[in-house]
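Thanks for coming, everyone. Please have a look at the model on the screen before I start.

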Amino acid sequence: MKKFIAAVLAMTLCLCACGALADHFVIATDTVFKPFEYTDMNGNFVGIDVDILAAIAEDQGFTYDLNSLGWDAAIAACQAGQANGMIAGASITDARKESGWIFSDGYYNATQCMTVLANSKIASFADLAGKPVAVKTGTQGATYAESLKDANGFTITYFEDSPTMYQAVMGGQCVACFEDTPIMAATIKENGLPLKVVEGSENEGSPYGFAIFNADNQNLIDMFNAGLANIKANGKYDEILAKYLN
């Protein structure tokens with residue numbers, strides 16, 4: 001009897017150590033990044049990232065809590081070990097990899113663009129000379145604007161979230177903003193904002209990736225990659241994109 005109890009105890013400890021009881025994760029995300037993550041009319045958290053994560057979790061057999069924290073707070077939560085991973089339309093870049101981000105395979109390629117008031121006469125980067133431009137802190141939109149700033153002579157004002165950045169343009173505090181193109185297009189269309197994407201302002205773009213900040217969570221990246229490949233193969237991925245991007 002004692003040997004049986006000891007064997008059961010050893011097996012339990014082994015299961016814990018091997019992670020069999022650890023297939024539940026805390027995932028951090030942004031709060032306002034339509035159509036990738038946002039709150040619908042009924043208060044439900046929805047979007048491309050939300051549905052892709054759900055489909056991959058179902059395919060791979062893990063569970064998770066999705067915490068809507070905002071961009072900076074999501075990164076901080078992962079870095080502090082309060083979250084296992086992050087999905088928030090995060091572009092895969094060498095700079096982020098060098099600073100400690102560990103990315104999955106890319107799941108969506110997005111460009112960045114310049115947006116101005118619908119009746120603005122600004123038609124090129126050169127038209128921004130001497131004027132203030134809005135960006136969201138820590139994003140690829142901000143990086144894109146920063147790469148153009150010196151050559152075109154404009155200044156940059158940083159904001160913590162996209163809605164405040166858009167409002168700065170609509171309110172006249174800034175003449176333009178830089179944002180991910182699919183986000184900007186969806187936001188203008190669905191909210192009827194008096195803004196427009198400047199034709200020809202897009203860059204080459206880069207893929208979005210799921211990210212971790214601790215190599216101990218590599219199994220989560222591995223499952224994400226495997227699940228992503230499966231939902232692309234079975235058509236679920238295309239179904240999700242069609243749902244939000246028509």
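Which residues of α8 are buried? Before I answer, a word on the source. This is a predicted model, where local features need pLDDT of at least 70, side-chain atom pairs count only at pLDDT 80 or more, and totals for chains, interfaces and linings use all residues. Residues are numbered from 1 along each chain as its sequence is written, and side-chain values use heavy atoms, with hydrogens and water left out.

Now the answer. The buried residues of α8 are L220, I221, M223, F224, N225, G227, L228 and I231. Buried here means under 20% relative accessible area, exposed means over 50%, and partly exposed lies in between, with a 1.4 Å probe and protein chains only. What covers those α8 residues? The cover includes β1, α2, β5 (85–86), β6, β12 and α9. Helices (H or I, at least four residues) and strands (E, at least two) are DSSP runs, numbered from the N terminus.

Let me stay on α8. Its 16 residues should span 22 Å at 1.5 Å a residue, and its end C-alpha atoms are 23 Å apart, which agrees. The expected span is 1.5 Å times one less than the number of residues. Just after α8 comes G235, with a positive phi of about 95°.

Next, α2, residues 48–60. Its 13 residues should span 18 Å, and the end C-alpha atoms are 18 Å apart, so the two agree. Buried in α2 are I48, D49, V50, D51, I52, L53, A55, I56 and A57. G61 follows α2 and has a positive phi, near 75°.

How do α2 and α8 meet? Their axes come within 8 Å and cross at roughly 100°. That makes α2 roughly perpendicular to α8. Axes are lines fitted to C-alpha atoms, for helices over the stretch in contact, and angles run from 0 to 180 degrees between N-to-C directions. Under 35 degrees counts as roughly parallel, over 145 as roughly antiparallel, 65 to 115 as roughly perpendicular, and the rest as oblique.

On the α2 side, the contact has I52, A55, I56, D59 and Q60. On the α8 side, it has M223, F224, A226, G227, L228, N230 and I231. Contact means heavy atoms within 4.5 Å. The residues divide into eight nonpolar, three polar and one charged. Ala, Val, Leu, Ile, Met, Phe, Trp, Tyr, Cys and Pro count as nonpolar, Asp, Glu, Lys and Arg as charged, and the others, Gly among them, as polar.

Now the core. The largest nonpolar core has 44 residues. Those with the most contacts inside it are I52, Y107, Y108, Y166, Y208, F210 and F224. At least two residues each come from β1, α2, β6 (102–110), α6 (162–170), α7 (181–191), β12 (206–212), α8 and α9 (236–245). A second, separate core of 16 residues includes M114, I122, L128 and V135. A nonpolar core is a set of buried Ala, Val, Leu, Ile, Met, Phe, Trp, Tyr and Cys residues joined through side-chain atoms within 4.5 Å.

Take Y166. Beyond its neighbours within four places in sequence, Y166 contacts C177, E179, I183, M184, T187, L193 and L195. L195 sits in strand β11, residues 195–197. L195 is buried, at 5% relative accessible area. Leaving out residues up to four places away, L195 touches T115, V116, L117, A118, Y166, V169, M170, M184 and I188.

Buried or partly exposed? L117 counts as partly exposed, at 26% relative accessibility. Residues up to four places away aside, L117 touches V169, M170, P194, L195 and K196.

One more pair. Q140 lies in helix α5, residues 140–152, and S206 lies in strand β12. Q140 is buried, with a relative accessible area of 15%. S206 is buried too, at 10%. Again setting aside residues up to four places away, Q140 touches S91, T93, R96, Q112 and S206. With the same exclusion, S206 contacts S91, I92, Y108, N109, A110 and Q140.

A backbone detail. K34 and P35 are joined by a cis peptide bond, with omega about 10°. P35 is in the loop between β1 (24–29) and β2 (38–39).

Finally, the whole chain. There are nine helices and twelve strands. Of the 246 residues, 46% count as buried. The C-alpha atoms fill a box of roughly 85 × 35 × 30 Å, taken along the principal axes.
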